[in-house]
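Visitor: I am new to this structure. Please show me how to read it, one feature at a time.

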Amino acid sequence: MPDLGKYADAVLSAYGVSSLLLLLLVVFTLRKGRAARAALEAVEKRKNPSG
């Protein structure tokens with residue numbers, strides 16, 4: 001790891017916050033995708049009850 005000097009706290013906290021936000025974005029995207037898939041399957045079952 002490079003020596004960040006007096007800016008180490010600011011840089012590392014920025015990396016931490018960015019990583020957390022990216023993780024939250026991925027989690028929410030996956031949850032939204034599952035919900036959309038479930039809603040689509042429900043609509044398809046209503047449209048075609050036999051299958």
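Guide: Start with the surface. Accessible areas come from the Shrake-Rupley method with a 1.4 Å probe. This is a predicted model. Its accessible surface comes to about 4,900 Å², and 66% of that belongs to carbon and sulfur atoms.

Visitor: What share of the 51 residues is buried?

Guide: Buried means under 20% relative accessible area. Here buried residues make up 0% of the 51.

Visitor: Where does UniProt place the "transmembrane region"?

Guide: The unreviewed UniProt entry puts that feature at residues 12-30. Over residues 12-30 the chain is 100% helix and 0% strand. The end C-alpha atoms of this stretch are 27 Å apart.

Visitor: Which residues make the nonpolar surface patch?

Guide: Val17, Leu20, Leu21, Leu23, Leu24, Val27 and Phe28 make a patch of about 650 Å².

Visitor: Why does leucine 23 count as exposed?

Guide: Exposed means over 50% relative accessible area. Leucine 23 counts as exposed because its relative accessibility is 52%. Leucine 23 lies in helix α1.

Key: Residues numbered from 1 in each chain as written. Predicted model: local features only at pLDDT ≥ 70, side-chain atom pairs only at ≥ 80, totals over all residues. Heavy atoms only, no water. UniProt positions renumbered as here; feature names shortened; annotations may be inferred. Helix = DSSP H or I, 4+ residues; strand = E, 2+ residues; numbered from the N terminus. Patch = residues over 30% accessible without salt bridge, like charges linked within 9 Å, V, L, I, M, F, W, Y side chains within 5 Å. Salt bridge = Lys/Arg side-chain N within 4 Å of Asp/Glu carboxyl O. Buried < 20%, exposed > 50% of the residue type's maximum accessible area, 1.4 Å probe, protein only.
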